[in-house]
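Colleague: Hi! I'm new to this one. Could you show it to me and walk me through a few features?

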Amino acid sequence: MQTLLLQNTDQDIACAGEILRRGGLVAIPTETVYGLAANALDGAAVARIFVAKGRPQDNPLIVHISDISQWRPLVRDIPDSAMALAKAYWPGPLTIILPKSDIIPDEVSAGLDTVAVRFPSMRTTRRIIDAAGVPLAAPSANLSGSPSPTCARHTMDDMRGRIDAVLDGGDCNFGVESTVVTLATEVPRLLRPGAVTPEELRDVLGRLEIDEAVMGKLKEGVKAASPGMKYRHYSPKAEVTIVKSTLEAFCRFTEQVRDKSEVFALCFDGEQNTIPLSCVTYGREDDPLTQSHRLFTALRELDERGAKTVYARCPSTEGVGMAVYNRLLRAAGFHVVIL
Ligand code: TXA
Ligand code: MG
């Protein structure tokens, strides 16, 4: 299959809408990461997403809408708490899970009785949904297990030959996937941290539990509330270890590495001259938004440069930092050393 590269023009957006309407797959930009979209109401089209990504069948998809009025038909009911969240943070990088209505195909919900819905803020994304005329199911547009793509080139690297088209809308603003919160439990529960922080959710909801899988590894035999959180994820090919320490201790630790040829540091801006390894940077130490914007690009760059072993400086877990740490922890296969 030849994969078209579409541009952010009226004509190409109409073309993307046409492909999606007839059951095809188009990778689309959003403010978080690129998504691999299909008509959410067409089970056969959605099934093709799983094939293109190599995604496990038990991992449900997020449904994207371009107007809040499109939400009601997708769910059984919209409680006041859900509407309050939507009013506060939609359109934006927040996904809300509620019990699903009958029009959601099983392929989208992967057998669960709930559906995840997101109203993206990026104008191009909303224009593509409007052009398709249907809500769009879209996971991140990476091959299953790889870091999510945050630009059209990374999307093409993973999806060339597997889907109908990629629409280039430039770099993603946030660079990590949306915050996922479920309101289908008794107490609202954060399943995946993102740019909308736990504090911001608590401001609206009052109560919020943080799922165990957010900051650690699920124990054997525990069922994942968000199936996507149980897989090794966001991984470059290298072995990544998070090193929780001061910069000085990090330097002493990496000093001791004997053969430094394929060993890299994943560090903060400005630390390249101090750390005695080849370095890839992922943002400013005191600014989690720069880190979220660059983390996945940095992980892909490590692969491109042939890194075999990576020692990563540990981000703060405050605010948006929780999302950065959550992704880095999965990229590291939960491997953390504390100095
Ligand atoms: O920012 C984003 O959310 C991006 C862009 C494209 O919108 N999408 C994205 O989708 O990250 P994906 O499929 O890579 O991640 C969706 C996560 C997975 O961890 C999945 O298990 C979880 O949301 N999820 C989806 N529906 C769910 C449901 N009904 N119940 C629990 N978890 C759900
Ligand atoms: Mg994903």
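Modeller: Happy to! Keep in mind that this is a predicted model. Let's begin with a helix pair: H1 and H5 cross in a right-handed way.

Colleague: Nice. Which residues make the contact between H1 and H5?

Modeller: On the H1 side they are Asp10, Ile13, Ala14, Ala16, Gly17, Leu20 and Arg21. H5 contributes Thr124, Arg127, Ile128, Ala131 and Ala132.

Colleague: And how many of those in the contact of H1 with H5 are nonpolar, polar or charged?

Modeller: Seven are nonpolar, two are polar and three are charged.

Colleague: Where do the two helices sit in the chain, and at what angle do they pack?

Modeller: H1 covers residues 10–21 and H5 covers residues 123–132. They pack at about 50 degrees, and their axes are 7 Å apart. That angle makes H1 oblique to H5.

Colleague: Great, new topic. How many disulfides are there?

Modeller: The count is zero. A disulfide would need two cysteine sulfurs within 2.5 Å.

Colleague: What about cysteine 251, how far is its sulfur from the closest cysteine sulfur?

Modeller: The distance is 8.5 Å, and the partner is again in cysteine 279. That is too far for a bond.

Key
Residues are numbered from 1 along each chain as its sequence is written. Chains are lettered from A and ligands numbered from 1 in the order in which they are written. This is a predicted model: local features need pLDDT of at least 70, side-chain atom pairs count only at pLDDT 80 or more; totals for chains, interfaces and linings use all residues. Side-chain values use heavy atoms; hydrogens and water are left out. Axes are lines fitted to C-alpha atoms, for helices over the stretch in contact, and angles run from 0 to 180 degrees between N-to-C directions. Helices (H or I, at least four residues) and strands (E, at least two) are DSSP runs, numbered from the N terminus. Angles under 35 degrees count as roughly parallel, over 145 as roughly antiparallel, 65 to 115 as roughly perpendicular and the rest as oblique. A crossing is left-handed if the near helix is turned anticlockwise from the far one by less than a right angle, and right-handed if clockwise. Contact means heavy atoms within 4.5 Å. Ala, Val, Leu, Ile, Met, Phe, Trp, Tyr, Cys and Pro count as nonpolar, Asp, Glu, Lys and Arg as charged, and the others, Gly among them, as polar.
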